[in-house]
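Student: Hi! Could you walk me through this one? I'd like to start with how the pieces are named.

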Amino acid sequence: MSSTGTGRHDWRARGTDADRRRRGTAFGILALALLCVLGIGIATQVRETKTSDSLENSRPEDLLVVLDTLTRREASIRDEISTLQNTLATLRQSGSGSEAAVAEAQERLSALSIQVGTVAAEGPGVALVIEDPNSGVGSEVLLDAMQELRAAGAEALQIEGSDGVVRIGVDSWIAGPAGRVVVDGRELAAPYTFTAIGDPPTLASALNIPGGVVDTVTRNGATSRITQSDQVTVSALRDPRPRQYAQPGN
(Lines give C-alpha, C1' and ligand atoms only; values in the text may rest on other atoms or scores of the structure.)
Protein backbone atom coordinates (compact mmCIF):
# COMPACT_ATOMS: atom_id res chain seq x y z
CA MET A 1 0.00 0.00 0.00
CA SER A 2 2.81 2.37 0.87
CA SER A 3 4.51 1.77 -2.49
CA THR A 4 1.27 2.40 -4.29
CA GLY A 5 0.77 5.64 -2.35
CA THR A 6 4.30 6.70 -3.22
CA GLY A 7 3.63 6.02 -6.93
CA ARG A 8 0.54 8.18 -6.85
CA HIS A 9 2.56 10.89 -5.09
CA ASP A 10 5.31 10.72 -7.76
CA TRP A 11 2.74 10.86 -10.59
CA ARG A 12 1.12 13.91 -9.03
CA ALA A 13 4.53 15.53 -8.53
CA ARG A 14 5.49 14.86 -12.12
CA GLY A 15 2.12 16.19 -13.25
CA THR A 16 2.59 19.31 -11.14
CA ASP A 17 6.08 19.84 -12.60
CA ALA A 18 4.70 19.43 -16.15
CA ASP A 19 1.94 21.92 -15.42
CA ARG A 20 4.48 24.37 -14.08
CA ARG A 21 6.63 23.97 -17.19
CA ARG A 22 3.60 24.51 -19.43
CA ARG A 23 2.59 27.58 -17.45
CA GLY A 24 6.18 28.84 -17.59
CA THR A 25 6.29 28.32 -21.35
CA ALA A 26 2.94 30.02 -21.82
CA PHE A 27 4.07 32.92 -19.64
CA GLY A 28 7.28 33.22 -21.64
CA ILE A 29 5.37 33.32 -24.92
CA LEU A 30 2.96 35.91 -23.51
CA ALA A 31 5.87 38.04 -22.22
CA LEU A 32 7.59 37.84 -25.61
CA ALA A 33 4.38 38.85 -27.37
CA LEU A 34 3.95 41.81 -25.03
CA LEU A 35 7.56 42.88 -25.63
CA CYS A 36 7.01 42.69 -29.40
CA VAL A 37 3.87 44.81 -29.16
CA LEU A 38 5.70 47.30 -26.95
CA GLY A 39 8.61 47.42 -29.38
CA ILE A 40 6.28 48.06 -32.31
CA GLY A 41 4.53 50.81 -30.35
CA ILE A 42 7.82 52.49 -29.49
CA ALA A 43 9.04 52.25 -33.07
CA THR A 44 5.78 53.73 -34.35
CA GLN A 45 6.00 56.60 -31.89
CA VAL A 46 9.60 57.29 -32.90
CA ARG A 47 8.60 57.34 -36.56
CA GLU A 48 5.75 59.74 -35.83
CA THR A 49 8.07 61.95 -33.75
CA LYS A 50 10.54 62.12 -36.61
CA THR A 51 7.90 62.87 -39.26
CA SER A 52 8.38 66.63 -39.04
CA ASP A 53 12.14 66.16 -39.57
CA SER A 54 11.81 63.72 -42.47
CA LEU A 55 11.93 66.32 -45.21
CA GLU A 56 14.87 68.12 -43.63
CA ASN A 57 16.86 64.88 -43.45
CA SER A 58 15.80 63.52 -46.84
CA ARG A 59 18.16 63.10 -49.74
CA PRO A 60 17.88 65.62 -52.61
CA GLU A 61 16.54 62.95 -54.96
CA ASP A 62 13.80 62.06 -52.44
CA LEU A 63 12.81 65.72 -52.16
CA LEU A 64 12.62 65.92 -55.95
CA VAL A 65 10.19 62.99 -55.94
CA VAL A 66 8.01 64.75 -53.33
CA LEU A 67 8.07 67.99 -55.30
CA ASP A 68 7.26 66.17 -58.55
CA THR A 69 4.29 64.45 -56.88
CA LEU A 70 2.94 67.79 -55.61
CA THR A 71 3.48 69.40 -59.01
CA ARG A 72 1.58 66.61 -60.72
CA ARG A 73 -1.24 66.99 -58.20
CA GLU A 74 -1.51 70.71 -58.88
CA ALA A 75 -1.42 70.08 -62.64
CA SER A 76 -4.26 67.58 -62.24
CA ILE A 77 -6.34 70.12 -60.30
CA ARG A 78 -5.67 72.79 -62.93
CA ASP A 79 -6.79 70.40 -65.67
CA GLU A 80 -10.00 69.71 -63.76
CA ILE A 81 -10.55 73.46 -63.39
CA SER A 82 -10.14 73.89 -67.15
CA THR A 83 -12.55 71.05 -67.83
CA LEU A 84 -15.14 72.54 -65.47
CA GLN A 85 -14.77 75.94 -67.10
CA ASN A 86 -15.41 74.42 -70.53
CA THR A 87 -18.36 72.44 -69.19
CA LEU A 88 -19.92 75.55 -67.66
CA ALA A 89 -19.45 77.50 -70.86
CA THR A 90 -21.09 74.73 -72.89
CA LEU A 91 -24.02 74.39 -70.50
CA ARG A 92 -24.67 78.13 -70.48
CA GLN A 93 -24.39 78.54 -74.24
CA SER A 94 -26.56 75.56 -75.13
CA GLY A 95 -29.08 76.10 -72.36
CA SER A 96 -29.31 72.32 -72.01
CA GLY A 97 -28.00 72.16 -68.47
CA SER A 98 -30.28 72.32 -65.48
CA GLU A 99 -29.77 75.02 -62.88
CA ALA A 100 -28.72 72.36 -60.40
CA ALA A 101 -26.01 71.00 -62.72
CA VAL A 102 -24.67 74.48 -63.43
CA ALA A 103 -24.67 75.36 -59.73
CA GLU A 104 -22.87 72.13 -58.83
CA ALA A 105 -20.21 72.66 -61.50
CA GLN A 106 -19.74 76.26 -60.41
CA GLU A 107 -19.37 75.26 -56.77
CA ARG A 108 -16.80 72.62 -57.65
CA LEU A 109 -14.92 75.11 -59.82
CA SER A 110 -14.83 77.67 -57.01
CA ALA A 111 -13.55 75.12 -54.48
CA LEU A 112 -10.76 73.94 -56.77
CA SER A 113 -9.78 77.49 -57.70
CA ILE A 114 -9.44 78.39 -54.02
CA GLN A 115 -7.42 75.24 -53.37
CA VAL A 116 -4.99 75.92 -56.19
CA GLY A 117 -4.83 79.62 -55.30
CA THR A 118 -6.02 81.26 -58.52
CA VAL A 119 -8.86 83.23 -56.89
CA ALA A 120 -9.09 85.32 -53.74
CA ALA A 121 -11.04 84.00 -50.78
CA GLU A 122 -12.61 85.34 -47.62
CA GLY A 123 -14.22 83.86 -44.55
CA PRO A 124 -13.62 83.12 -40.87
CA GLY A 125 -10.04 82.34 -39.90
CA VAL A 126 -6.92 83.47 -38.10
CA ALA A 127 -3.89 85.67 -38.56
CA LEU A 128 -0.55 84.55 -37.10
CA VAL A 129 2.04 87.34 -36.84
CA ILE A 130 5.66 86.37 -36.13
CA GLU A 131 7.98 89.20 -35.06
CA ASP A 132 11.62 88.21 -35.50
CA PRO A 133 13.93 91.13 -34.60
CA ASN A 134 16.89 88.81 -33.92
CA SER A 135 16.60 86.84 -37.19
CA GLY A 136 16.19 83.55 -35.37
CA VAL A 137 13.21 82.16 -37.32
CA GLY A 138 14.21 79.98 -40.25
CA SER A 139 12.27 78.14 -42.90
CA GLU A 140 11.67 75.11 -40.66
CA VAL A 141 9.60 77.22 -38.24
CA LEU A 142 7.50 78.73 -41.03
CA LEU A 143 7.11 75.31 -42.66
CA ASP A 144 5.80 73.91 -39.37
CA ALA A 145 3.28 76.76 -39.17
CA MET A 146 2.10 76.11 -42.73
CA GLN A 147 1.75 72.37 -42.10
CA GLU A 148 -0.10 72.86 -38.80
CA LEU A 149 -2.59 75.22 -40.41
CA ARG A 150 -3.16 72.88 -43.33
CA ALA A 151 -3.58 69.88 -41.04
CA ALA A 152 -6.09 71.86 -38.97
CA GLY A 153 -8.27 72.42 -42.04
CA ALA A 154 -7.14 75.73 -43.52
CA GLU A 155 -8.94 76.07 -46.86
CA ALA A 156 -6.95 79.07 -48.10
CA LEU A 157 -3.59 80.31 -46.86
CA GLN A 158 -1.06 83.04 -47.58
CA ILE A 159 2.18 84.23 -45.98
CA GLU A 160 3.18 87.87 -46.03
CA GLY A 161 6.58 89.37 -45.29
CA SER A 162 7.65 92.98 -45.02
CA ASP A 163 8.46 92.96 -48.73
CA GLY A 164 5.75 90.84 -50.34
CA VAL A 165 3.08 88.19 -50.02
CA VAL A 166 2.80 84.64 -51.38
CA ARG A 167 -0.33 82.51 -51.76
CA ILE A 168 0.25 78.99 -50.50
CA GLY A 169 -0.74 76.37 -53.04
CA VAL A 170 -0.73 72.61 -53.36
CA ASP A 171 2.97 72.44 -54.24
CA SER A 172 4.27 75.36 -52.16
CA TRP A 173 7.70 75.06 -50.53
CA ILE A 174 9.65 77.05 -47.92
CA ALA A 175 13.44 76.98 -47.64
CA GLY A 176 16.41 79.02 -46.48
CA PRO A 177 18.07 79.94 -43.18
CA ALA A 178 16.85 82.53 -40.70
CA GLY A 179 16.93 85.98 -42.26
CA ARG A 180 16.87 84.59 -45.81
CA VAL A 181 13.63 82.64 -46.04
CA VAL A 182 12.39 81.80 -49.53
CA VAL A 183 8.76 80.86 -50.23
CA ASP A 184 8.00 79.46 -53.69
CA GLY A 185 11.10 81.15 -55.05
CA ARG A 186 10.42 84.54 -53.47
CA GLU A 187 12.54 85.81 -50.59
CA LEU A 188 10.53 87.19 -47.68
CA ALA A 189 11.69 89.18 -44.66
CA ALA A 190 10.21 89.37 -41.15
CA PRO A 191 7.76 90.12 -39.73
CA TYR A 192 5.82 87.20 -41.17
CA THR A 193 2.02 87.05 -41.24
CA PHE A 194 0.10 83.88 -41.98
CA THR A 195 -3.53 84.44 -42.94
CA ALA A 196 -5.64 81.27 -42.97
CA ILE A 197 -9.32 80.67 -43.67
CA GLY A 198 -10.96 77.94 -41.62
CA ASP A 199 -12.52 77.33 -38.23
CA PRO A 200 -10.83 79.98 -36.03
CA PRO A 201 -10.73 78.04 -32.70
CA THR A 202 -9.41 74.91 -34.42
CA LEU A 203 -6.68 76.78 -36.29
CA ALA A 204 -5.65 78.72 -33.16
CA SER A 205 -5.53 75.54 -31.06
CA ALA A 206 -3.32 73.83 -33.64
CA LEU A 207 -0.79 76.65 -33.42
CA ASN A 208 -0.92 76.73 -29.61
CA ILE A 209 -0.36 73.04 -28.85
CA PRO A 210 2.46 72.48 -26.30
CA GLY A 211 5.77 72.24 -28.11
CA GLY A 212 4.14 73.47 -31.31
CA VAL A 213 4.51 76.55 -33.47
CA VAL A 214 4.12 79.22 -30.79
CA ASP A 215 6.59 77.49 -28.45
CA THR A 216 9.07 76.99 -31.30
CA VAL A 217 8.89 80.66 -32.25
CA THR A 218 9.63 81.62 -28.65
CA ARG A 219 12.58 79.22 -28.44
CA ASN A 220 14.05 80.91 -31.49
CA GLY A 221 14.01 84.32 -29.81
CA ALA A 222 10.96 85.65 -31.63
CA THR A 223 7.40 86.52 -30.60
CA SER A 224 4.03 85.61 -32.04
CA ARG A 225 0.41 86.54 -31.69
CA ILE A 226 -2.72 84.89 -33.02
CA THR A 227 -5.90 86.78 -33.86
CA GLN A 228 -9.16 84.96 -34.51
CA SER A 229 -11.70 86.69 -36.72
CA ASP A 230 -15.08 86.12 -38.31
CA GLN A 231 -13.77 87.60 -41.54
CA VAL A 232 -10.25 87.40 -42.99
CA THR A 233 -9.16 87.83 -46.59
CA VAL A 234 -6.63 85.81 -48.55
CA SER A 235 -6.03 88.09 -51.51
CA ALA A 236 -2.71 86.91 -52.95
CA LEU A 237 -3.00 84.88 -56.14
CA ARG A 238 -0.82 82.22 -57.69
CA ASP A 239 0.36 82.26 -61.29
CA PRO A 240 -2.28 80.40 -63.32
CA ARG A 241 0.48 78.89 -65.49
CA PRO A 242 -1.51 78.28 -68.69
CA ARG A 243 -0.80 75.05 -70.56
CA GLN A 244 1.27 75.15 -73.75
CA TYR A 245 0.34 71.79 -75.22
CA ALA A 246 -2.17 69.80 -73.18
CA GLN A 247 -5.92 70.11 -73.64
CA PRO A 248 -8.68 68.48 -71.56
CA GLY A 249 -9.69 65.07 -72.86
CA ASN A 250 -13.21 63.98 -73.70
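Tutor: Happy to. Helices and strands here are DSSP runs, numbered from the N terminus, with at least four residues (H or I) for a helix and at least two (E) for a strand. With that numbering, P200 belongs to helix 6. Bear in mind that this is a predicted model.

Student: Okay, how many helices and strands are there in the protein?

Tutor: The protein has 7 helices and 8 strands.

Student: And what share of the 250 residues is buried?

Tutor: Buried residues account for 29% of the 250. The protein exposes about 15,600 Å², and carbon and sulfur atoms supply 55% of that area.

Student: What about contacts between residues at least 6 apart in sequence: what percentage join residues at least 24 apart?

Tutor: That comes to 75% of those contacts.

Student: Back to helix 6, then. Which of its residues are buried?

Tutor: Helix 6 spans residues 200-208, and its buried residues are P200, L203, A204, A206 and L207. Looking down the axis of helix 6, these buried residues fall within an arc of 160°, so they line one face of the helix.

Student: What covers them?

Tutor: The cover over the buried residues of helix 6 includes strand 1 (121-131), helix 5 (139-151), strand 7 (192-197), helix 7 (213-219) and strand 8 (223-234).

Student: Let's zoom in on P200. Why does P200 count as buried?

Tutor: P200 has a relative accessible area of 11%, and buried means under 20%.

Student: Which residues does P200 touch, leaving out those up to four places away in sequence?

Tutor: P200 touches P124, G125, V126, Q228 and S229. For G125, the C-alpha atom is 4.6 Å from that of P200, although the two residues are 75 apart along the chain.

Student: Switching topic: where does D132 lie?

Tutor: D132 is in the loop between strand 1 and helix 5.

Student: How far from D132 is the nearest side chain of opposite charge?

Tutor: That side chain is R180, 13 Å away. D132 is buried, yet it has no salt bridge.

Student: So what does a polar atom of the D132 side chain have 2.8 Å away?

Tutor: The backbone nitrogen of G136 lies at that distance from a polar atom of the D132 side chain. Leaving out residues up to four places away in sequence, D132 touches V137, A190 and A222.

Student: Now the salt bridges. How many are there?

Tutor: The count comes to 3 salt bridges. One of them joins the side chains of R225 and E131, at 3.9 Å from N to O. That pair links distant parts of the chain, with R225 in strand 8 and E131 in strand 1, 94 residues apart.

Student: Are R225 and E131 buried or partly exposed?

Tutor: R225 is partly exposed, with a relative accessible area of 47%. E131 also counts as partly exposed, at 32% relative accessibility.

Student: What does D171 form a salt bridge with?

Tutor: D171 pairs with R238, and their closest N and O atoms are 3.0 Å apart. D171 sits in the loop between strand 3 (164-167) and strand 4, while R238 is in the segment after strand 8, so the pair ties together parts that are 67 residues apart in sequence. Both D171 and R238 are buried.

Student: Last one: where is G176, and which residues does G176 touch?

Tutor: G176 lies in the loop between strand 4 (174-175) and strand 5 (181-183). Not counting residues up to four places away in sequence, G176 touches G138, S139 and V181. At 28% relative accessibility, G176 counts as partly exposed.

Note on methods. Residues are numbered from 1 along each chain as its sequence is written. This is a predicted model: local features need pLDDT of at least 70, side-chain atom pairs count only at pLDDT 80 or more; totals for chains, interfaces and linings use all residues. Side-chain values use heavy atoms; hydrogens and water are left out. Buried means under 20% relative accessible area, exposed over 50%, partly exposed in between (1.4 Å probe, protein chains only). The arc is that of the directions from the helix axis to the C-beta atoms. Contact means heavy atoms within 4.5 Å. Lys and Arg count as positive and Asp and Glu as negative; His and the chain ends are not counted. A salt bridge is a side-chain nitrogen of Lys or Arg within 4 Å of a carboxyl oxygen of Asp or Glu. A polar contact is a pair of N or O atoms within 3.5 Å; within protein, one must be able to donate a hydrogen and the other to accept it, and residues adjacent in sequence count only if both atoms are side-chain atoms. Accessible areas come from the Shrake-Rupley method with a 1.4 Å probe; for residues, only the protein chains shown count as cover.
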